[in-house]
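Visitor: I would like to learn how to read the packing in a model of this kind. Please take me through it one feature at a time.

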Amino acid sequence: MSRGDSPSVETRRPDRAALIIAVVLAAIAGVIFWDVSRLTGLAGYSQVGPTTVPYAIACCLIVLAVWTAIEGFRGDFAEREPQQFGPVAWVVGGLAAQMLLLNTLGFSIATGILFAMTARGFGKRQIWLTIPFGIVASFVVWTIFAKVLQLSLPAGPLERLLF
Amino acid sequence: MGTLDFLLQGLLVAAQPMNLLYALIGVTLGTAVGVLPGIGPALTVALLLPVTYQLDPGGSLIMFAGIYYGGMYGGSTTSILLNTPGESSSIVTALEGNKMARAGRGGPALATAAIGSFVAGLIATLGLAFVAPYIVKLALVFGPREYFALMVLAFVTVSSAFGDSTLRGLTSLFIGLTLACIGIDQLTGQARLSFGVPDLLDGIEVTTLAVAMFAIGETLYIAAQGDKGPDKVEAVRGSVWMSASDWARSWKAWLRGTFIGFPIGAMPAGGAEIGTFLSYATEKRLSKHPEEFGNGAIEGVAGPEAANNASAAGTLVPLLTLGLPTSATAAIMLAGFQQYGLQPGPLLFATNPQLVWGLIASLLIANFMLLVLNLPLVGLWVKLLTIPKPWLYAGILLFATLGTIGANPSVFELGMLLAFGLLGYVMRVFGYPIAPVVVGLILGPLAEQQLRRALSISQGDVTVLFTSPIAAVLLLIAALAFIVPLILRARGRGEVLAQLAASED
């Protein structure tokens, strides 16, 4: 068992990430308690209603939060590899751009931008090449899925121009 | 009617031209995603769910199962030629297979993997056909409390029994269970954890979560590793055919792998990896050439490859007969059934025999297709490995968002996709397994429903959960599966379990 006090508490530095995770888990449990407490316990015959299982889950989350915090204090939480955040920011930015532009510019242009920004995140720097390529590829995909397979994909100026 | 009659009827269904076409699309896609590192069958099925809304349920399910089988075949190609396993279940294949490829014996390694997969797939699919009716009979006596106990067992084995940390496995599972609570309660109609947001009333879409966790989380994680230079693809030199001694050394390994993999897949123990590790260990112990292990022993490819295909078929046993998914791919296939209003389980065999037996029979046909796709056409698949990373991952995200947009073209849904993608990335960074989240989301509501039914019948008496002998035994096994690994890890024996890391696919 990883729980319980350990004599090696002082010997290792507390893992701050583990403590943050513990706080987040406890916060999720708190949100569950807060939200579910509003529900009227329609327990019926038994004492189990819509609130029972969420309460049980929240209690388990608190136990897991305490457990994570203890592992964090003892410093035996997971080892991690160094991460490069630049590429991650490019991909996240691409997804955010697609999300915000989808309904105004349509599927092809928004997804083309996502395509180019992801490629940039993976080291393809020629944005002036990847954006047009992404838009054309997305447009082909749009044609196949929206026109042939009848999937509802939002159309924008480009799609309306050609169909 | 006996199993054989049902199977013959199933073959008639499966041999319809449209179903053959679906099977062919499935196995081709499956092989492709199996070959490509970073995407697996779970993600592919999740992506296809929205696209297949309008299609015929039988055909779509045949396609999904084809993807699952194809993924198991394709993973071996990547392992052998690139030393980067395409799927978590091909890690062991990389140990010996890549050594063989470097020694210029890539051809026989690919051949023994493909033929072994074929043999195992064939035997295990027949095993599925003959075992399933018995489990269906057994399942008919299951009440809510037995189902609840079975699901608890599945939760424990998927999250905490394997992998390197009980804590992280359980945390993943409970994140999934928390997400499962969001939306309208099935029994009383009250909104839980939806905070007045109408988009949340229907709950979290399985597709959105799976695509975000697997595709976006993985893409972000790979991007964050930076450029480590191109991977070296070993060319297939020399003959792809196996020599007489290769055959002699392979066939026993295939059979042993099959008999190890099938039961492990069929038990609620999650994932194909465990079978592959056991098979590798067995072959190493029984081999007449133990000195070759680590330097490219053909048994070390033949056994694990057979085991991973056999366990894919094994996974379908609890999925079809009990409605219980034991791997991420199976969990998403369950969502596929639910999409058509079908609930896998004993009743499905009675109400919809054509669909179930057509599906099983189509797997036999899919196996033949896969042998053809993977042996003579292997060179074509190898070309997939030469796609540069920027194009590959840009394309993956294109299709990943396509699936979500197709299901629900709203900014909110894409926002959730991004949020869960980031969650998946952070979980990967800290070594949290992904599969328990998906299994928790899908199985959580079912487990809650069974628990509340059982307790309603008993009028709130909790002891009823333990008084049925079947339920008590299942809960006892679940408790053991939880406690024994904890003790092993506390005593420093955790490495073995860490190697059997929790399933991704």
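Visitor: How many residues of chain B are in contact with chain A?

Guide: Two residues are in contact if their C-beta atoms, placed from the backbone, lie within 7 Å. On that basis 51 residues of chain B are in contact with 62 residues of chain A. The model is a predicted one: local features need pLDDT of at least 70 and side-chain atom pairs pLDDT 80 or more, while totals for chains, interfaces and linings use all residues. Residues are numbered from 1 along each chain as its sequence is written, with chains lettered from A and ligands numbered from 1 in the order written.

Visitor: Which helix of chain B gives the most to the side that touches chain A?

Guide: Helices (H or I, at least four residues) and strands (E, at least two) are DSSP runs numbered from the N terminus. α17(B) gives the most, with eleven residues. Helices that each supply at least two residues to this side of chain B include α8 (166-181), α9 (206-224) and α17 (389-407).

Visitor: What is the make-up of that side by class?

Guide: Ala, Val, Leu, Ile, Met, Phe, Trp, Tyr, Cys and Pro count as nonpolar, Asp, Glu, Lys and Arg as charged, and the others, Gly among them, as polar. The side of chain B that touches chain A has 29 nonpolar, 15 polar and seven charged residues.

Visitor: How many residues of α3(B) are buried?

Guide: A residue is buried if 20 or more other C-beta atoms lie within 10 Å of its own, exposed if 12 or fewer, and partly exposed in between, with C-beta atoms placed from the backbone. In α3 of chain B (residues 41-51), ten of the eleven residues are buried, among them B:Pro41, B:Thr44 and B:Leu48. The buried residues pack against α2 (17-35), α4 (57-82), α9, α13 (328-339) and α17 of chain B.

Visitor: At what angle do α3(B) and α13(B) cross?

Guide: Axes are lines fitted to C-alpha atoms, for helices over the stretch in contact, and angles run from 0 to 180 degrees between N-to-C directions. These two axes come within 8 Å and cross at roughly 15 degrees. Angles under 35 degrees count as roughly parallel, over 145 as roughly antiparallel, 65 to 115 as roughly perpendicular and the rest as oblique. α3(B) and α13(B) are therefore roughly parallel to each other. Their crossing is left-handed, a term for a near helix turned anticlockwise from the far one by less than a right angle (right-handed if clockwise). Residues making the contact include B:Ala42 and B:Val45 of α3(B) and B:Ile332 and B:Gly336 of α13(B). The contact divides into nine nonpolar, three polar and no charged residues.

Visitor: What is the angle between α3(B) and α17(B)?

Guide: α3(B) and α17(B) pack at about 35 degrees, their axes 8 Å apart, and the crossing is left-handed. B:Ala46, B:Leu47, B:Pro50 and B:Val51 of α3(B) meet B:Phe399, B:Ala400, B:Gly403, B:Gly406 and B:Ala407 of α17(B). By class the contact has seven nonpolar, two polar and no charged residues.

Visitor: Is B:Ser327 buried or exposed?

Guide: B:Ser327 lies in the loop between α12 (299-322) and α13 of chain B. B:Ser327 is buried, because 33 other C-beta atoms are within 10 Å.

Visitor: How many helices does chain A have?

Guide: Chain A has five helices and zero strands. Of its 163 residues, 37% count as buried.
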